[in-house]
Amino acid sequence: MILYHGNDHVLAKPLFGFGKQDNDYGSGFYTTQDFQQAVAWAMSYSSTIAYVNAYKVDETKLNVVNLDQYGPLSWIAEIVANRGVRGEGAMLLGHELSKQYRADLSKADIVVGYRADDSYSDIVDAFLQNEINVEEMDRLFREGHFGLQYFIKSQKAFDALEYRGYKKFGISTDYQNQAEIKARMDVSRFLRNRSSQIVLNGFRPSGITAQEAVKNALCI
């Protein structure tokens, strides 16, 4: 498969062992199969020039773990464990979720899961504050076009990357994904409306909330 990495410079040889530990899935190399998504990510690094680096990798020789197969609570638990959350109550629930639902990725070479950003944090905060349920959280992620990441985790996976060159872009609003922008606005609007319903009308979401997931150790 071909993977792309957006950045503000050419990166022919990613190095194992570098990167911040508090990134989405820990210290490693973050890529995507979606070229346009890589362009957007590259432009978030620079105000002038963006680069999309391409790599080929034979995934049949690697242990590729897609967190989707474990359900939404698993990838939430993984990102919360690495990035943390806001607020004491959310921290307590997030810690318990990580203990109960975090997948064992110790033998994974590549991990596939959603990319986290500020919009992600708003969704997770709402979930950990029991304002939305699991099904709503999962739907908001999918509707928000957060994009899947291919997280290069192990030395074996780094060694398997074959560089295929790069493309250079000048920063332009022409590359902005209008459908993604609208989707993010819709997600924000939904969360604001839900918060208002809770404060003004005492609304309580039905279904499985974070509190219920922690309390009952559900298989989702």
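Modeller: A residue is buried when its relative accessible area is under 20%, exposed when it is over 50%, and partly exposed in between, using a 1.4 Å probe and protein chains only. This is a predicted model, in which local features need pLDDT of at least 70 and side-chain atom pairs count only at pLDDT 80 or more, while totals for chains, interfaces and linings use all residues. Residues are numbered from 1 along each chain as its sequence is written, and side-chain values use heavy atoms, with hydrogens and water left out.

Colleague: How many helices and strands does the chain have?

Modeller: Both are DSSP runs numbered from the N terminus: helices are H or I with at least four residues, and strands are E with at least two. Counted this way, the secondary structure comes to eight helices and seven strands.

Colleague: What percentage of the 220 residues is buried?

Modeller: The accessible areas come from the Shrake-Rupley method with a 1.4 Å probe. The chain exposes about 11,500 Å², with carbon and sulfur atoms supplying 50% of that area. Of the 220 residues, the buried share is 46%.

Colleague: Which residue of β6 stands opposite T31?

Modeller: Two strands pair if DSSP finds at least two bridges between them. Strand β2 (residues 29-31) is antiparallel to β6, with three bridges, and strand β5 (residues 110-114) is joined to β6, also antiparallel, by five. In β6, V112 has Y150 as its bridge partner. The residue opposite T31 is Y150.

Colleague: Which side chain makes a polar contact with that of Y150?

Modeller: Y150 is buried, because its relative accessibility is 13%. Contact means heavy atoms within 4.5 Å, and beyond four places in sequence Y150 touches residues including M1, Y30 and V112. A polar contact is a pair of N or O atoms within 3.5 Å; within protein, one must be able to donate a hydrogen and the other to accept it, and residues adjacent in sequence count only if both atoms are side-chain atoms. For Y150 there is one of 2.8 Å, and the partner side chain is that of Q33.

Colleague: Which residues touch the most other members of the largest nonpolar core?

Modeller: Such a core is a set of buried Ala, Val, Leu, Ile, Met, Phe, Trp, Tyr and Cys residues joined through side-chain atoms within 4.5 Å. In the core of 36 residues, the ones touching the most other members are F127 and F141.

Colleague: Which strands stand at the edges of the three-stranded sheet?

Modeller: The sheet is open and antiparallel, in the order β1-β3-β7. An edge strand has a single partner, so one side of it is left without a neighbour in the sheet. The edge strands are β1 and β7.

Colleague: At what angle does helix α1 run to β3?

Modeller: Axes are lines fitted to C-alpha atoms, for helices over the stretch in contact, and angles run from 0 to 180 degrees between N-to-C directions. Helix α1 (residues 35-43) lies across β1, β3 and β7, and its angle to β3 is about 140 degrees.

Colleague: Is S98 buried or exposed?

Modeller: S98 is found in helix α3, and beyond four places in sequence S98 is in contact with A77, V80 and A81. Its relative accessible area is 13%, so S98 is buried.
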